[in-house]
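I'm opening my notebook to look at how two chains sit against each other.

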Number of protein chains: 2
Amino acid sequence: MKAEILNPFISSALEVLETMAGLKPRRGSPRLKGREDKSYDISGIVGLTGQVQGFVVLSLCESAALHVVSSFVGEPVASMDEHVKDAVGELTNMLAGGAKRVLAAAQYDLRISIPSVVVGAGHIISRPRGVPCLEIPFETEAGPFSVELCLKLES
Amino acid sequence: MKAEILNPFISSALEVLETMAGLKPRRGSPRLKGREDKSYDISGIVGLTGQVQGFVVLSLCESAALHVVSSFVGEPVASMDEHVKDAVGELTNMLAGGAKRVLAAAQYDLRISIPSVVVGAGHIISRPRGVPCLEIPFETEAGPFSVELCLKLES
């Protein structure tokens, strides 16, 4: 996948976390995610259609989710309730929406779906054979999270 | 959500199961799914964008997944391996694709994403506040599965 497609998602993730959640997470080295690799405890998923196809995942361990969501909503959140799911969905939506705007300006036609949010320790999010997934790991003081980009160009 | 939007998905689910998997599962009464309600052990998710927005889920308990996938691929499948995930993703894709064709003929503009497949006992798939989810339960000789329609019209 071309850098001009991937970079807007990485930039958007950083912007959402810094601007909306006031966080400066440490970013690790991107890696190709295996189809059997687990995600964290809660994952927002936004589907992409059009010239760029696939989905974007924001996946957080429980402690990182509570930390990120507390920063996002501006008050302490102590348990994985409905508000956490809503916030993770909204953050994933903002991440994909920010990337979409940059790609639209570069003449890529794409649309994003509303987010689904998966909750469950040790869940795996897989994608069709032949669709690569780039995982960008992040570390916060409360634990890890990741952005997963499972994308291909329209064939 | 209007019946003319929902019905193509229900018809497509039945057609995919009967034609592609050679099954005649018993269909239960549709019900509104709560945002905290669990799905089964493996779930295919396809996002929808355009005039009809949201996502469609095909969720199966492990034994039903093995039964449905064995019928779909034409040979016994005994464990939840990569082939099961691929088959569940493909069946969900066919389900959404069949409904899309009917809706496109009725002048609805919509696109479907590639499938993501979630694996994990007791996972919850949630959606944004205000998006209803109609769950259509099915029963096979090997256990239950469901089709979940989390849809809204473009606002």
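**Where the two chains meet**

I started with one pair: the side chains of B:Arg111 and A:Asp109 form a salt bridge, 2.7 Å from N to O. I have to keep in mind that this is a predicted model.

Next I asked how many salt bridges the rule finds across the interface of chain B and chain A. I got twelve. I also looked up polar contacts, and there are 17 residue pairs across that interface.

Then I checked which parts of chain B touch chain A. Strands 3, 4, 5, 6 and 7 and helix 3 of chain B each supply at least two residues to that side. Strand 3 gives the most, with five residues. Sorted by class, the side of chain B that touches chain A has 14 nonpolar, eleven polar and ten charged residues.

On to the totals. I noted 35 residues of chain B in contact with 35 residues of chain A. The buried area between the chains is about 2,800 Å², and carbon and sulfur atoms give 51% of that.

Strand 7 of chain A pairs with strand 6 of chain B in the antiparallel sense, over three bridges. In there, A:Ile124 has B:Val119 as its bridge partner.

Last, how are the copies related?

Note on methods. Residues are numbered from 1 along each chain as its sequence is written. Chains are lettered from A and ligands numbered from 1 in the order in which they are written. This is a predicted model: local features need pLDDT of at least 70, side-chain atom pairs count only at pLDDT 80 or more; totals for chains, interfaces and linings use all residues. Side-chain values use heavy atoms; hydrogens and water are left out. Contact means heavy atoms within 4.5 Å. Buried area is the accessible area (1.4 Å probe) that two parts lose on being put together, summed over both. A salt bridge is a side-chain nitrogen of Lys or Arg within 4 Å of a carboxyl oxygen of Asp or Glu. A polar contact is a pair of N or O atoms within 3.5 Å; within protein, one must be able to donate a hydrogen and the other to accept it, and residues adjacent in sequence count only if both atoms are side-chain atoms. Helices (H or I, at least four residues) and strands (E, at least two) are DSSP runs, numbered from the N terminus. Ala, Val, Leu, Ile, Met, Phe, Trp, Tyr, Cys and Pro count as nonpolar, Asp, Glu, Lys and Arg as charged, and the others, Gly among them, as polar. Two strands pair if DSSP finds at least two bridges between them.
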